[in-house]
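Colleague: Could you show me how the words used for a protein model are tied to numbers? I would like to follow a few cases with you.

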Amino acid sequence: MTLDLWFFAIAAPAVIFAGMSKGGFGSGAAFAAASILALVVEPGLALGVMLPLLMLIDLATLRPYWGKWNARASLLLILGGLPGVALGALLFARADADVFRVLIGAISIGFVAWQIAQSRGWIRASRVALSKGAGVLAGVVAGFASFVSHAGGPPAAVYLLSLKLTKTEYQASTVLTFWAINIAKFIPYAFLGMFTTQTTTANLLLAPFALLGAWLGVKAHHMVPEKLFFRLTYVLLVVTGTKLIWDGLT
């Protein structure tokens, strides 16, 4: 990995984008930063560069949203996320993650399509929140997807959005959930050799961009009306879902 001008021209905007997504818009598209970095470095190193930065963003955004989360929903996702991380660690070196990318992408886009169909009266279904079991399952998928590509946002969003939370409760729940999941990922990442002297140097140089992105995200979260916020979240789900499907099929 060469830490040259080209690397930082790609990495700095990507890290700011990740900070904004995690800081204000439910983490839905934060994974794209690792995909962008993979254009200029080996994918495993891209994941290794991003994890400490994502953890820094988590710390920066915990305080603004402290105590505003849905504790039960967050706990269910974390309880599922921990075995999901363990599964990702066991299978990372040998399993084909493309199948999971396509599945997560299809669920994300399908969920948005369902919401649109309901809002326009094309289908009529009871607006019942997903069960606790579904929350744990979403956590397992989120933990696994987060481990192999930092793409845990969409499956977590599918569950949280079904609960009809306020925009701040939803955002705070994603912050708490992925703070815990990212901590759980750190040790297996280290054992898999995804941290190097170069990734540490890159982390130190990119940390200001991560904090800037988190600050911008928090500001944008409080400035955007609730209805518009969820519309933006659905757009992010479609974008991330499409990107995951594309990555899985190509």
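Modeller: Gladly; here are some questions and answers on this structure.
This is a predicted model, where local features need pLDDT of at least 70, side-chain atom pairs count only at pLDDT 80 or more, and totals for chains, interfaces and linings use all residues. Residues are numbered from 1 along each chain as its sequence is written, and side-chain values use heavy atoms, with hydrogens and water left out.

Colleague: Why is Thr-61 called buried?

Modeller: Buried means under 20% relative accessible area, exposed over 50%, and partly exposed in between (1.4 Å probe, protein chains only). Thr-61 has 0%, so it is buried. Thr-61 sits in helix α3 (residues 43-62).

Colleague: What does Thr-61 touch?

Modeller: Leaving out residues up to four places away in sequence, Thr-61 touches Gly-23, Val-175, Ala-214 and Val-218. Contact means heavy atoms within 4.5 Å.

Colleague: And why does Ile-183 count as partly exposed?

Modeller: The relative accessibility of Ile-183 is 43%, so the residue counts as partly exposed. Ile-183 belongs to helix α8 (residues 167-191).

Colleague: How do you know that the span of helix α4 agrees with what it should be?

Modeller: The expected span is 1.5 Å times one less than the number of residues. Helix α4 (residues 71-91) has 21 residues and should span 30 Å; its end C-alpha atoms are 30 Å apart, so the two agree. Helices here are DSSP runs (H or I, at least four residues), numbered from the N terminus.

Colleague: What covers the buried residues of α4?

Modeller: The cover includes α6 (132-149), α7 (153-162) and α8. Among the buried residues of α4 are Ala-73, Leu-77 and Gly-84.

Methods
Helices (H or I, at least four residues) and strands (E, at least two) are DSSP runs, numbered from the N terminus.
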